[in-house]
Amino acid sequence: MTAHTDPPNDPSPQDDDEHLPCGRLLSRVWDAWEQQADDPHLRSCPHCRQAVHGLDQLGSAVLGLREEEAADAPATDAAVLTRRVMDVVRLELRPGRPLPLGEPGEDLWITEAVAARALRAAAETVGGVRAGSCRIVGPLGGGPAGDRAAGAVEIVLDVHTPADAFLPHLADRVRDRVRDTADRELGMAVAAVDIRITDRVDPPGGGKEGRTP
Amino acid sequence: MTSDGPHVPHPARASSRIAPAAQAPAPAQASHASLVEAVARAVEDVPGVAFLKPGLAARLRSALSRPDPGTGRAPTSGVRLATGADGTGPWRVDVQVVALRRARSVDVARAVRATVERHLAARFPERPAPRVTVTVTGLV
(Lines give C-alpha, C1' and ligand atoms only; values in the text may rest on other atoms or scores of the structure.)
Protein backbone atom coordinates (compact mmCIF):
# COMPACT_ATOMS: atom_id res chain seq x y z
CA MET A 1 0.00 0.00 0.00
CA THR A 2 1.30 3.36 -0.92
CA ALA A 3 1.86 5.76 1.91
CA HIS A 4 -0.98 8.25 1.79
CA THR A 5 -1.82 11.17 3.97
CA ASP A 6 -5.24 11.77 5.39
CA PRO A 7 -7.32 14.61 3.99
CA PRO A 8 -6.96 17.75 6.02
CA ASN A 9 -9.27 17.74 8.99
CA ASP A 10 -8.22 20.96 10.58
CA PRO A 11 -10.22 23.92 9.44
CA SER A 12 -8.32 26.15 7.06
CA PRO A 13 -8.64 29.91 7.13
CA GLN A 14 -11.26 29.90 4.40
CA ASP A 15 -13.54 27.53 6.30
CA ASP A 16 -16.65 28.79 8.03
CA ASP A 17 -15.94 26.92 11.23
CA GLU A 18 -15.44 28.95 14.37
CA HIS A 19 -14.35 28.58 17.94
CA LEU A 20 -17.06 29.13 20.51
CA PRO A 21 -16.17 31.31 23.54
CA CYS A 22 -15.57 28.09 25.49
CA GLY A 23 -12.86 27.11 23.02
CA ARG A 24 -14.67 24.31 21.24
CA LEU A 25 -15.14 24.22 17.48
CA LEU A 26 -18.72 24.74 16.37
CA SER A 27 -18.49 21.80 13.97
CA ARG A 28 -17.34 19.46 16.76
CA VAL A 29 -20.17 20.56 19.02
CA TRP A 30 -22.73 19.92 16.30
CA ASP A 31 -21.18 16.55 15.49
CA ALA A 32 -21.26 15.51 19.12
CA TRP A 33 -24.90 16.55 19.42
CA GLU A 34 -25.92 14.61 16.33
CA GLN A 35 -24.09 11.55 17.55
CA GLN A 36 -25.66 11.95 20.98
CA ALA A 37 -22.24 11.88 22.58
CA ASP A 38 -22.23 11.59 26.36
CA ASP A 39 -20.20 14.71 27.10
CA PRO A 40 -20.89 16.58 30.38
CA HIS A 41 -19.42 19.76 28.92
CA LEU A 42 -22.12 19.92 26.25
CA ARG A 43 -24.82 19.77 28.91
CA SER A 44 -23.29 22.39 31.16
CA CYS A 45 -21.67 24.88 28.76
CA PRO A 46 -24.04 27.73 27.82
CA HIS A 47 -22.17 28.41 24.58
CA CYS A 48 -22.38 24.82 23.42
CA ARG A 49 -26.02 24.59 24.43
CA GLN A 50 -26.82 27.73 22.46
CA ALA A 51 -25.01 26.38 19.40
CA VAL A 52 -26.93 23.12 19.59
CA HIS A 53 -30.17 25.00 20.09
CA GLY A 54 -29.45 26.97 16.94
CA LEU A 55 -28.96 23.83 14.91
CA ASP A 56 -32.14 22.39 16.36
CA GLN A 57 -34.01 25.54 15.37
CA LEU A 58 -32.72 25.23 11.83
CA GLY A 59 -33.93 21.65 11.65
CA SER A 60 -37.36 22.65 12.90
CA ALA A 61 -37.51 25.54 10.45
CA VAL A 62 -36.63 23.27 7.54
CA LEU A 63 -39.29 20.81 8.59
CA GLY A 64 -41.81 23.61 8.86
CA LEU A 65 -40.99 24.97 5.43
CA ARG A 66 -41.23 21.53 3.93
CA GLU A 67 -44.61 20.99 5.50
CA GLU A 68 -45.84 24.34 4.20
CA GLU A 69 -44.73 23.58 0.67
CA ALA A 70 -46.07 20.05 0.48
CA ALA A 71 -48.51 19.32 3.24
CA ASP A 72 -49.41 15.99 1.72
CA ALA A 73 -45.84 14.75 1.25
CA PRO A 74 -44.82 11.67 3.18
CA ALA A 75 -43.07 12.36 6.47
CA THR A 76 -40.03 10.48 5.24
CA ASP A 77 -39.49 13.13 2.56
CA ALA A 78 -39.22 15.82 5.22
CA ALA A 79 -36.78 13.70 7.17
CA VAL A 80 -34.63 13.16 4.09
CA LEU A 81 -34.67 16.87 3.28
CA THR A 82 -33.72 17.74 6.84
CA ARG A 83 -30.83 15.31 6.75
CA ARG A 84 -29.60 16.77 3.49
CA VAL A 85 -29.77 20.31 4.81
CA MET A 86 -27.83 19.28 7.90
CA ASP A 87 -25.30 17.62 5.62
CA VAL A 88 -24.82 20.87 3.77
CA VAL A 89 -24.31 22.77 7.00
CA ARG A 90 -21.75 20.24 8.19
CA LEU A 91 -19.89 20.24 4.88
CA GLU A 92 -19.74 24.02 4.86
CA LEU A 93 -17.99 23.95 8.20
CA ARG A 94 -15.42 21.35 7.20
CA PRO A 95 -15.12 21.39 3.43
CA GLY A 96 -11.62 19.98 3.05
CA ARG A 97 -9.42 20.95 0.15
CA PRO A 98 -10.62 21.55 -3.40
CA LEU A 99 -10.34 18.69 -5.90
CA PRO A 100 -10.41 19.19 -9.66
CA LEU A 101 -13.47 18.47 -11.78
CA GLY A 102 -13.36 17.84 -15.51
CA GLU A 103 -10.26 18.26 -17.59
CA PRO A 104 -6.98 19.56 -16.20
CA GLY A 105 -6.85 23.33 -16.27
CA GLU A 106 -10.60 23.84 -16.41
CA ASP A 107 -10.47 25.59 -13.04
CA LEU A 108 -13.54 23.72 -11.83
CA TRP A 109 -13.49 22.20 -8.36
CA ILE A 110 -15.40 20.26 -5.76
CA THR A 111 -14.60 20.26 -2.08
CA GLU A 112 -13.11 17.09 -0.68
CA ALA A 113 -15.80 16.47 1.91
CA VAL A 114 -18.57 16.68 -0.67
CA ALA A 115 -16.81 14.29 -3.04
CA ALA A 116 -15.98 11.82 -0.27
CA ARG A 117 -19.58 11.76 0.90
CA ALA A 118 -20.83 10.93 -2.61
CA LEU A 119 -18.24 8.18 -3.03
CA ARG A 120 -19.04 6.60 0.33
CA ALA A 121 -22.72 6.60 -0.55
CA ALA A 122 -21.88 4.90 -3.86
CA ALA A 123 -20.00 2.14 -2.07
CA GLU A 124 -22.94 1.54 0.23
CA THR A 125 -25.24 0.80 -2.68
CA VAL A 126 -23.53 -2.60 -2.78
CA GLY A 127 -25.54 -4.88 -0.53
CA GLY A 128 -24.20 -5.23 3.00
CA VAL A 129 -21.31 -2.80 2.53
CA ARG A 130 -20.74 0.00 5.02
CA ALA A 131 -18.23 2.66 4.07
CA GLY A 132 -15.76 4.18 6.50
CA SER A 133 -12.87 6.51 5.86
CA CYS A 134 -12.60 7.83 2.31
CA ARG A 135 -9.30 9.46 1.49
CA ILE A 136 -8.79 11.23 -1.80
CA VAL A 137 -5.16 11.64 -2.78
CA GLY A 138 -3.81 13.89 -5.46
CA PRO A 139 -4.34 15.00 -8.13
CA LEU A 140 -1.34 12.97 -9.16
CA GLY A 141 0.10 15.40 -11.71
CA GLY A 142 3.25 14.97 -13.71
CA GLY A 143 1.66 14.16 -17.07
CA PRO A 144 1.80 16.11 -20.30
CA ALA A 145 -0.49 19.03 -20.80
CA GLY A 146 -3.98 17.91 -21.78
CA ASP A 147 -3.48 14.45 -20.29
CA ARG A 148 -6.61 13.83 -18.22
CA ALA A 149 -4.75 11.32 -16.06
CA ALA A 150 -2.52 14.17 -14.91
CA GLY A 151 -5.48 15.66 -13.07
CA ALA A 152 -6.78 12.38 -11.71
CA VAL A 153 -7.08 11.53 -8.05
CA GLU A 154 -6.62 8.27 -6.18
CA ILE A 155 -9.35 7.09 -3.83
CA VAL A 156 -8.69 4.96 -0.77
CA LEU A 157 -11.92 3.67 0.75
CA ASP A 158 -12.33 1.58 3.90
CA VAL A 159 -15.37 -0.69 3.99
CA HIS A 160 -17.05 -3.23 6.22
CA THR A 161 -18.39 -6.21 4.32
CA PRO A 162 -20.77 -9.07 5.07
CA ALA A 163 -18.97 -11.98 6.69
CA ASP A 164 -20.05 -14.41 3.98
CA ALA A 165 -19.11 -12.22 1.01
CA PHE A 166 -16.61 -13.36 -1.59
CA LEU A 167 -14.19 -10.52 -1.11
CA PRO A 168 -12.52 -10.15 -4.51
CA HIS A 169 -15.87 -10.05 -6.25
CA LEU A 170 -17.36 -7.66 -3.73
CA ALA A 171 -14.34 -5.35 -3.85
CA ASP A 172 -14.66 -5.20 -7.63
CA ARG A 173 -18.32 -4.25 -7.36
CA VAL A 174 -17.58 -1.51 -4.83
CA ARG A 175 -14.73 -0.22 -6.97
CA ASP A 176 -17.00 -0.10 -10.02
CA ARG A 177 -19.72 1.80 -8.15
CA VAL A 178 -17.20 4.32 -6.83
CA ARG A 179 -15.64 4.86 -10.26
CA ASP A 180 -19.04 5.17 -11.86
CA THR A 181 -20.18 7.77 -9.34
CA ALA A 182 -16.97 9.76 -9.63
CA ASP A 183 -17.43 9.90 -13.38
CA ARG A 184 -21.19 10.10 -13.91
CA GLU A 185 -22.32 12.07 -10.85
CA LEU A 186 -19.30 14.25 -10.13
CA GLY A 187 -17.18 14.36 -13.28
CA MET A 188 -13.96 13.80 -11.36
CA ALA A 189 -11.10 11.93 -13.05
CA VAL A 190 -9.99 8.91 -11.02
CA ALA A 191 -6.66 7.17 -11.53
CA ALA A 192 -7.18 4.36 -9.00
CA VAL A 193 -9.64 3.13 -6.39
CA ASP A 194 -8.14 1.18 -3.49
CA ILE A 195 -10.71 -0.75 -1.48
CA ARG A 196 -9.56 -1.72 2.02
CA ILE A 197 -11.74 -4.22 3.82
CA THR A 198 -11.37 -3.32 7.45
CA ASP A 199 -13.97 -5.65 8.96
CA ARG A 200 -16.35 -8.47 8.11
CA VAL A 201 -19.64 -8.39 9.94
CA ASP A 202 -22.78 -10.48 10.14
CA PRO A 203 -25.58 -8.41 8.66
CA PRO A 204 -28.45 -7.89 11.12
CA GLY A 205 -31.39 -9.97 9.97
CA GLY A 206 -29.41 -11.20 7.00
CA GLY A 207 -30.35 -8.09 5.00
CA LYS A 208 -28.64 -7.74 1.67
CA GLU A 209 -29.85 -4.36 0.48
CA GLY A 210 -27.46 -1.45 0.36
CA ARG A 211 -28.29 1.97 1.66
CA THR A 212 -29.96 4.46 -0.58
CA PRO A 213 -27.46 7.19 -1.45
CA MET B 1 3.23 10.70 -0.56
CA THR B 2 1.83 13.95 0.50
CA SER B 3 -1.43 15.38 -0.66
CA ASP B 4 -0.32 17.48 -3.54
CA GLY B 5 -2.24 20.62 -4.30
CA PRO B 6 -4.15 20.98 -7.55
CA HIS B 7 -2.21 21.91 -10.66
CA VAL B 8 -3.78 25.33 -10.85
CA PRO B 9 -3.78 27.13 -7.51
CA HIS B 10 -7.28 27.24 -6.14
CA PRO B 11 -8.47 30.79 -5.54
CA ALA B 12 -9.18 30.08 -1.90
CA ARG B 13 -5.45 29.54 -1.47
CA ALA B 14 -4.65 32.88 -2.99
CA SER B 15 -7.58 34.81 -1.70
CA SER B 16 -5.49 37.88 -1.02
CA ARG B 17 -5.62 38.58 -4.74
CA ILE B 18 -9.39 38.68 -4.76
CA ALA B 19 -11.32 41.17 -2.73
CA PRO B 20 -14.81 40.18 -1.63
CA ALA B 21 -17.52 42.57 -2.69
CA ALA B 22 -17.79 44.00 0.80
CA GLN B 23 -14.13 45.02 0.71
CA ALA B 24 -14.18 46.85 -2.61
CA PRO B 25 -12.79 50.38 -2.67
CA ALA B 26 -15.35 52.90 -1.51
CA PRO B 27 -15.77 54.96 -4.74
CA ALA B 28 -16.58 51.91 -6.78
CA GLN B 29 -18.34 50.02 -4.04
CA ALA B 30 -21.88 50.55 -5.25
CA SER B 31 -21.24 49.56 -8.86
CA HIS B 32 -19.05 46.67 -7.82
CA ALA B 33 -21.67 45.38 -5.42
CA SER B 34 -24.29 45.76 -8.11
CA LEU B 35 -22.20 43.75 -10.55
CA VAL B 36 -21.59 41.02 -7.99
CA GLU B 37 -25.31 40.91 -7.30
CA ALA B 38 -26.11 40.62 -11.01
CA VAL B 39 -23.58 37.82 -11.50
CA ALA B 40 -24.94 36.04 -8.43
CA ARG B 41 -28.50 36.18 -9.69
CA ALA B 42 -27.38 34.86 -13.09
CA VAL B 43 -25.57 31.97 -11.43
CA GLU B 44 -28.56 31.10 -9.27
CA ASP B 45 -30.64 30.66 -12.43
CA VAL B 46 -28.27 28.06 -13.87
CA PRO B 47 -29.94 24.64 -14.01
CA GLY B 48 -28.48 22.39 -11.36
CA VAL B 49 -27.51 25.20 -8.99
CA ALA B 50 -29.32 25.00 -5.64
CA PHE B 51 -27.90 28.18 -4.10
CA LEU B 52 -24.75 30.17 -3.64
CA LYS B 53 -22.35 30.03 -0.77
CA PRO B 54 -22.47 31.27 1.93
CA GLY B 55 -25.26 28.97 2.68
CA LEU B 56 -27.01 27.58 5.63
CA ALA B 57 -24.36 27.78 8.32
CA ALA B 58 -23.76 31.47 7.77
CA ARG B 59 -27.46 32.18 7.44
CA LEU B 60 -28.13 30.37 10.67
CA ARG B 61 -25.48 32.22 12.60
CA SER B 62 -26.43 35.61 11.19
CA ALA B 63 -30.10 34.98 11.87
CA LEU B 64 -29.45 34.01 15.45
CA SER B 65 -26.75 36.44 16.44
CA ARG B 66 -26.57 39.28 13.96
CA PRO B 67 -30.03 40.02 12.61
CA ASP B 68 -29.96 42.43 9.74
CA PRO B 69 -33.50 43.71 9.27
CA GLY B 70 -34.28 45.43 6.04
CA THR B 71 -32.01 43.37 3.82
CA GLY B 72 -34.23 40.77 2.29
CA ARG B 73 -31.73 39.74 -0.36
CA ALA B 74 -29.67 36.62 -0.11
CA PRO B 75 -25.96 37.13 0.59
CA THR B 76 -23.70 37.11 -2.45
CA SER B 77 -20.29 36.35 -1.00
CA GLY B 78 -20.47 33.08 -2.97
CA VAL B 79 -19.35 35.35 -5.83
CA ARG B 80 -16.06 37.21 -5.73
CA LEU B 81 -15.09 39.47 -8.53
CA ALA B 82 -11.92 41.42 -9.12
CA THR B 83 -9.99 43.05 -11.90
CA GLY B 84 -6.62 44.60 -12.43
CA ALA B 85 -5.51 47.64 -10.46
CA ASP B 86 -6.25 49.96 -13.37
CA GLY B 87 -9.71 48.47 -13.87
CA THR B 88 -9.10 47.48 -17.46
CA GLY B 89 -7.75 43.95 -17.22
CA PRO B 90 -9.71 40.74 -17.38
CA TRP B 91 -12.20 39.99 -14.66
CA ARG B 92 -11.17 37.36 -12.17
CA VAL B 93 -14.27 35.63 -10.84
CA ASP B 94 -14.57 33.04 -8.08
CA VAL B 95 -17.94 31.35 -7.68
CA GLN B 96 -18.91 28.85 -4.96
CA VAL B 97 -22.19 26.99 -5.37
CA VAL B 98 -24.19 24.20 -3.81
CA ALA B 99 -25.45 22.00 -6.65
CA LEU B 100 -28.37 19.65 -6.98
CA ARG B 101 -27.42 16.04 -6.48
CA ARG B 102 -29.36 14.89 -9.51
CA ALA B 103 -27.16 17.00 -11.79
CA ARG B 104 -23.60 16.06 -12.74
CA SER B 105 -21.35 18.35 -10.75
CA VAL B 106 -18.88 19.11 -13.50
CA ASP B 107 -21.68 19.96 -15.93
CA VAL B 108 -23.20 22.36 -13.42
CA ALA B 109 -19.80 23.96 -12.85
CA ARG B 110 -19.26 24.35 -16.60
CA ALA B 111 -22.68 25.89 -17.03
CA VAL B 112 -21.94 28.35 -14.25
CA ARG B 113 -18.66 29.31 -15.88
CA ALA B 114 -20.31 29.81 -19.25
CA THR B 115 -23.06 31.92 -17.70
CA VAL B 116 -20.59 34.18 -15.94
CA GLU B 117 -18.50 34.54 -19.10
CA ARG B 118 -21.58 35.46 -21.16
CA HIS B 119 -22.81 37.91 -18.55
CA LEU B 120 -19.51 39.76 -18.30
CA ALA B 121 -18.94 39.72 -22.06
CA ALA B 122 -22.33 41.34 -22.57
CA ARG B 123 -21.69 44.06 -19.99
CA PHE B 124 -18.03 44.64 -20.77
CA PRO B 125 -17.46 43.76 -24.44
CA GLU B 126 -14.19 45.67 -24.49
CA ARG B 127 -12.63 43.59 -21.71
CA PRO B 128 -10.53 40.46 -22.27
CA ALA B 129 -12.23 37.16 -21.48
CA PRO B 130 -12.61 36.69 -17.73
CA ARG B 131 -10.98 33.93 -15.77
CA VAL B 132 -13.74 32.09 -13.94
CA THR B 133 -13.20 29.60 -11.12
CA VAL B 134 -16.14 27.51 -9.95
CA THR B 135 -16.17 25.37 -6.81
CA VAL B 136 -18.98 23.00 -5.86
CA THR B 137 -19.15 23.24 -2.07
CA GLY B 138 -22.19 21.07 -1.47
CA LEU B 139 -24.76 18.73 -3.02
CA VAL B 140 -28.43 18.64 -2.04
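The model is predicted.

In chain A, take the contacts with a separation of 6 or more: residues 24 or more positions apart account for 60% of them. In chain B, 71% of the contacts between residues at least 6 apart join residues at least 24 apart.

**The sheet in chain A**

Three strands of chain A form an open sheet in the order β3-β4-β5, and the pairing is mixed. β3 (130-137) and β5 (190-201) of chain A are the edge strands. Each has a single partner strand, so one side of each has no neighbour in the sheet. From one strand to the next, the twist averages 15 degrees.

Strands of a sheet pair through backbone hydrogen bonds, either parallel or antiparallel. β3(A) and β4(A), residues 153-162, run antiparallel and are joined by six bridges. A:R135 sits opposite A:V156 of β4(A).

Two helices of chain A meet these strands. Helix α5(A), residues 112-123, packs on the sheet and touches β3 and β4 of chain A. The direction of α5(A) makes about 140 degrees with that of β3(A). Helix α6(A), residues 167-186, lies across β4 and β5 of chain A. α6(A) runs at about 135 degrees to β5(A).

**The nonpolar cores**

In soluble globular proteins, nonpolar side chains tend to be buried together. Here the largest nonpolar core has 62 residues. Which residues have the most contacts inside this core? They are A:L119 and B:V43. Helix α5(A) gives the most to the core, with nine residues.

What does A:L119 touch, leaving aside residues up to four places away in sequence? The list is A:C134, A:I155, A:L157, A:V178, A:T181 and A:A182. A:C134 falls in β3 (130-137) of chain A. A:I155 and A:L157 fall in β4(A), residues 153-162. A:V178, A:T181 and A:A182 fall in helix α6(A), residues 167-186.

Another core, of eight residues, lies apart from the largest one. Its members include A:L26, A:W30, A:C48 and A:V89.

Note on methods:
Residues are numbered from 1 along each chain as its sequence is written. Chains are lettered from A and ligands numbered from 1 in the order in which they are written. This is a predicted model: local features need pLDDT of at least 70, side-chain atom pairs count only at pLDDT 80 or more; totals for chains, interfaces and linings use all residues. Two strands pair if DSSP finds at least two bridges between them. Helices (H or I, at least four residues) and strands (E, at least two) are DSSP runs, numbered from the N terminus. Axes are lines fitted to C-alpha atoms, for helices over the stretch in contact, and angles run from 0 to 180 degrees between N-to-C directions. Two residues are in contact if their C-beta atoms, placed from the backbone, lie within 7 Å. A nonpolar core is a set of buried Ala, Val, Leu, Ile, Met, Phe, Trp, Tyr and Cys residues joined through C-beta atoms within 7 Å. A residue is buried if 20 or more other C-beta atoms lie within 10 Å of its own, exposed if 12 or fewer, and partly exposed in between; C-beta atoms are placed from the backbone.
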